[in-house]
Amino acid sequence: MGNKMNNIKLKLMFLIPIFASTILLSKIGISEELQVEMLEMSYSPEILYSEVGDKIIWPKSKGHNVEFIAGPAGFSLPKRSKMNKQFDMVLDIPGVYYYWCTPHKGTGMIGLIVVGKDISNKNEISNAKAVGKSKKKLASLIEKLND
Ligand SMILES: [Cu+2]
């Protein structure tokens, strides 16, 4: 009897960590790392499609940064990123996000991220503030959004 109990305890000691790490691994497995390059005067891609929980990385690029302007309801705007530094962001709310490069917002250096294929807030995004050439650019990016 005592032996049997010890056996069960022993099995649990092995099984619990296996279950826990399986859950952990499957969580890691579904989130990806995606990159947006900061080129001369634009982001690439200008529209990034991601899934909830993906990590988005803007590798450092001289003279550029990332400043979020709008996103879906419940999204609180992060502090704008430092110039010449890599910026990482995990977006957990489905919807369209809009950001620009602080020094180049007037020349059309803006980007959109669509999380979870959800474009239900695209009208709010198209009404968000835009400066100079970014007004036209924002309208054209909104037009390109996939349903
Ligand atoms: Cu820039």
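Which residue in S8 is the bridge partner of glutamate 67? To find out, begin with the conventions. This is a predicted model, in which local features need pLDDT of at least 70 and side-chain atom pairs count only at pLDDT 80 or more, while totals for chains, interfaces and linings use all residues. Residues are numbered from 1 along each chain as its sequence is written.

Select strand S6 (67–70) together with strand S8 (residues 95–100), and you will see a pair that runs in the antiparallel sense over three bridges; here the bridge partner of glutamate 67 is tryptophan 100, in S8. Helices (H or I, at least four residues) and strands (E, at least two) are DSSP runs numbered from the N terminus, and two strands pair if DSSP finds at least two bridges between them.

Now widen the selection to the open sheet of four strands, whose order is S4-S9-S8-S6 and whose pairing is mixed. Strand S4 (47–50) and strand S6 each have a single partner strand and stand at the edges, so one side of each is left without a neighbour in the sheet.

**The nonpolar core**

Colour Val96, Tyr97, Tyr98, Tyr99, Ile110, Leu112 and Ile113, which touch the most other members among the 25 residues of the largest nonpolar core. Such a core is a set of buried Ala, Val, Leu, Ile, Met, Phe, Trp, Tyr and Cys residues joined through C-beta atoms within 7 Å, where buried requires 20 or more other C-beta atoms within 10 Å of the residue's own, exposed 12 or fewer, and partly exposed a count in between. The elements giving two or more residues to this core are S5, S8, S9 and H3. Centre the view on tyrosine 97, and, leaving aside residues up to four places away in sequence, its contacts are Phe68, Gly71, Leu91, Leu112, Ile113 and Val115.

**The three-stranded sheet**

Move on to the open sheet with the order S1-S5-S7, which also has mixed pairing, and whose edge strands, S1 (33–35) and S7 (87–90), each pair on one side only. S1 and strand S5 (residues 55–58) pair in the parallel sense over three bridges, with glutamate 33 standing opposite lysine 55 in S5.

**Isoleucine 30**

Finish in helix H1 (residues 2–30) by selecting isoleucine 30, which is exposed, with 10 other C-beta atoms within 10 Å. Valine 52 is 22 residues from isoleucine 30 in sequence, and their C-alpha atoms are 9.4 Å apart in space.

Key
Contact = placed C-beta atoms within 7 Å.
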